[in-house]
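Dear colleague,

Please look through the sequence and the model before you read on.

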Amino acid sequence: MAAMTAAVTTPASDETPDKVPGTEKARDKAGRPATGRSFQDLMRHPVKGKLLVLAALAAVLVPLSAVVWGSGPWPGALSVDISGPLDDANTWVIDNRDSHPLFLYFLLHLSNTATDAVSGVYSVLDAMGWTGVFAAGVLFAWRAAGLGRGGVKVAATAFGAFAVCGLLGMWDATLLTIALMVVAVTCAALLGVLIGLAAGLSDRVDRLLRPVLDTMQVLPAFAYLLPFVLVFGTGTPAALFCTVIYAAPPMARLTTLGLRGADPAVLEAVTSLGASPWQRLRTARLPLARKQMLLGLNQTIMMALSMVVIAALVGAGGLGEEVYSALSTVDVGKALAAGIPIVLIAVWLDRTTAAAGDRIGRSTPGGGLLHGRSGWALAGGGVVAAVLLRFVAGTAWPEGWTFAISTPVNKAQVWITENLSSGIPVLGGTETWSEHFTLWVLNPMRDGLTALPWWAVLLLVAALAWLVGTWMTALTATLAMAAIGVLGVWTKSLDTLSQVLAALVVTLVLGVLAGIVCARAGRLERWLRPVLDAMQTMPQFVYLIPVVALFGVARVSAIVAAVVYALPAVVRITAQGLREVDPAALEASRSLGASTRQQLLRVQLPLARPALQLAVNQGVVLVLAVVVVGALVGGGALGYDVVKGLSRGEMGLGMTAGVAIVCLGLVLDRITQPARKRG
Amino acid sequence: MNRTRTLRTAAVAAALGVLSLSACSAAETGKSQEAAGGEKTVKLTVPSWVGAQANTAVASYILEEELGYKVKTQQMGEVLAWDALSKGDIDAIMEDWGHPKEEKQYVEDRKTVVKGGDLGVEGHIGWFVPKYFADKHPDVTDWKNLDKYAKEFATAESGGKGELLEGSPDYVTNDDAIIKNLGLNLKTNYAGSEAAQITAIQKNVKAKKPFLTYWWTPQWLNAQVDLVEVKLPEYKEGCDADPKKIACAYPNTPLQKFLNADFAKNGGEAAEFLKNFKWTTEQQNEVAKMIAGEKMSPEAAAEKWVKANEATWKQWLPKK
């Protein structure tokens, strides 16, 4: 169990952003053991000691470095410009990619295979005709959820999803996106399982790979899009590989988790029966990890889908391109019409894989026409029949069956933004809020942070990290912060940091409140679920325009985008944590005469602390993930540099800013991560 | 139990095998298709702004309807498009606003890209204020008076100074240098995307608020919103040589076409047609307005324009 705890609640992105309610089950089961006890210990004596040591260190080092390098922002003498070498590498690739053997015999093959695989899947889907794809989607969902009555709901979701995709006139774009997703998810899952196996079987590999996985998830895709484009060219390959990089970590992490979490008694038993390590892996460890692995697959799919629009920036086509091109004419309705199918594909695949995951371990009454192989055969037969239908119904979605939502949506958008942005009595309107938030919160925070001498920032980071963790935590966090300075983006990073912190606070306040409400009213949560799903999977590009219309080109707009994206995970983790508090404790407090409020504040929230800590940590990761998107609506700072690096082809600029974002992530992760080494 | 698992493993392996096999065979057909239709396919980039989408749409329409080509369009960023053009992933860029670095690298050094001639449209970048504001304060159109109005342009983001709204990082801007070197009490605010900038402009116009923005022509929004240019110190050859010392206006840019070198040589009628393609700012705006203002699809807008302007495009067709 201890190993599991460590694995689940560790580094920032260790736990993948929570896209599905199913995730919390694993997390909470694992997250609980590290509760209160450790925190109490932490608070009692070591704090003073730690602060004393730090103060002593500071007393020696600070005056010294302040004298040598001054007390302003990060000293120029201590920074290294890495953009030169990066830009050189950029040029080298362009000059050599047509002739160098590395490209001719390896990378070009990869690139061609990727293109062929995606277009292959697409032509299969296309050949199946719309009836065939439709039936395959629905029957696959139904079968995965265990046919019979239990699966009807999942199948109905799939039916609705496909129907809406077609009705919105996005059928062909949807197919192209599904084709890209099929290939990307397959590659990401295979890669993830391989990494997960290695890390699950060897502690050293695990330790080595963890920072790599963290980086894969926090490094903005915008930053590494450019090198991929240079090497593989625009189009499918670059888009595919970027998606794989981003989507593989959850699969790897949950595979590791599953392998490490296997019941030791079972393994003992298998070993005593004389099984070889290979047999043990195949017959006991992998099957026991199946549930976690399926959860990993679910997360991988969600992550891959969130890359759809970014993939379109390098010419992948599909729904992403529709969203992106709608932006150039400021057509929110068209963007929404392409965004909804992305959400629906996500919901369809999420429900299907989640349902399949729920069935694992549940004994199915054997035999029957609807189970096992005959069930698959039935589903397969249905698909074949539907494919044959295409000769009657045609391969393309029938033209008359579409509905253009663009104009009404645009009208509604204009009406809403006009009426909310100003002139509401008493409340003022979003524009006034935006202004006040900037003047009274964001500006003081940014100016305060940038006014601090550089050594004071380092000291602050060290102290915070040490208070919540070990000296190792403090060292990592401080080094990461120093790395930002060395990269020469100190001031911009502090600007970004102030925005991230503000977004984090807003997300946590709203998320925890909503989580409490959800935990108390189960029906509300069921009602909110599709809303939360949409908030998480709707490409942010779709709502950029309304956000600007409401809040203006300002850092506040960037913060709003971040909050919308990060909120669902926080709500879910909080609600789940509160709900899983031991009912006996609640009962006891109630019988002692506690009011509802007292019960919540004194019993539920303290007992759910691991979940709340996890919520904070997830909030950090998710907010950071949107820094780059925020730059598209006026966030500026690091995010803007990343976007600029990509769009102007300056790898040095983009990569430097991207690495700085990873460092910020590292710092924030360490200071929001409760000690994990204990116990 | 064990047997079912073995069976299932076998089934999965078989499925994977079939998948990889099908991928292989699909790959071949894909290639053979390309080889067969290779000479008759033209690949164009679709840039993110509407004016250039108009060029691409009209060119595609004529290539397909008149010359019998198949046109594949691909959306991507500007610099990425240059790179793709060099590799032959696309055949032509129909509208380029000037990328000296890429031009040197690909046209002069590597010779993988060749110039395709003027598009006929002249691009101009500058600082603009809304007409309703300029009407009230006519002297705002001289940069020397901008400081007088800095307070009116101020927002929460610009912190007391006047705000100069900037656009997408894609577009060339010297504004930070200009502000510094002219000693103006202004501060740039980077919107980060053209969509955000346009939304902000539309919002300000609706509220009749004063604002100052980096802007350019031709742009479809100019047909909906009246903007007046602020005169900056006149542009003289070479005044923008040192990026840090720029204190002058932007030059007028005759927008350029660029072709992949192989395509220019072996592209036959399509290459000749694209080299001949030349129209005026007004004509481009007409199509752009249909796409952005009336929300027509680029194909439909191109069709409408082509049907109405036969005399213009007939001259672009290769002489037989």
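How many cavities of 30 Å³ or more does the structure hold? In this predicted model there are 16 cavities of 30 Å³ or more, and the notes below take up two of them.

The largest cavity has a volume of about 370 Å³. Its lining is made up of 23 residues, of which Leu313(A), Tyr324(A), Ser168(B), Asp170(B) and Ser193(B) are the closest to its centre. The elements that contribute two or more residues to this lining are α16 (319-328), α25 (540-551) and α31 (637-647) of chain A, joined by α8 (194-206) of chain B. Sorted by class, the residues lining the largest cavity comprise 13 nonpolar, eight polar and two charged.

The second largest cavity holds about 300 Å³ of space. It is also lined by 23 residues, and those closest to its centre are Tyr246(A), Ser306(A), Ile310(A), Gln540(A) and Ala625(A). Two or more lining residues come from each of α9 (203-218), α10 (221-232), α15 (308-313), α24 (522-537), α25, α29 (609-625) and α30 (627-631), which belong to chain A. The lining of the second largest cavity counts 18 nonpolar and five polar residues, with no charged residues. At the level of domains, at least three of its lining residues are drawn from domain 1 (8-64 + 412-671) of chain A, and at least three from domain 2 (87-128 + 179-360) of chain A.

With best wishes

Terms used. Residues are numbered from 1 along each chain as its sequence is written. Chains are lettered from A and ligands numbered from 1 in the order in which they are written. This is a predicted model: local features need pLDDT of at least 70, side-chain atom pairs count only at pLDDT 80 or more; totals for chains, interfaces and linings use all residues. Side-chain values use heavy atoms; hydrogens and water are left out. On a 1 Å grid over the protein atoms alone, a cavity is a set of points where a 1.4 Å probe fits but cannot get out, and a pocket is an open set with protein on both sides within 12 Å along at least five of seven lines; lining residues have an atom within 4 Å of a point. Grid points are joined across faces, edges and corners, and a volume is the space filled by probe spheres set on the points. Helices (H or I, at least four residues) and strands (E, at least two) are DSSP runs, numbered from the N terminus. Ala, Val, Leu, Ile, Met, Phe, Trp, Tyr, Cys and Pro count as nonpolar, Asp, Glu, Lys and Arg as charged, and the others, Gly among them, as polar. Domain bounds come from an automatic or database domain assignment.
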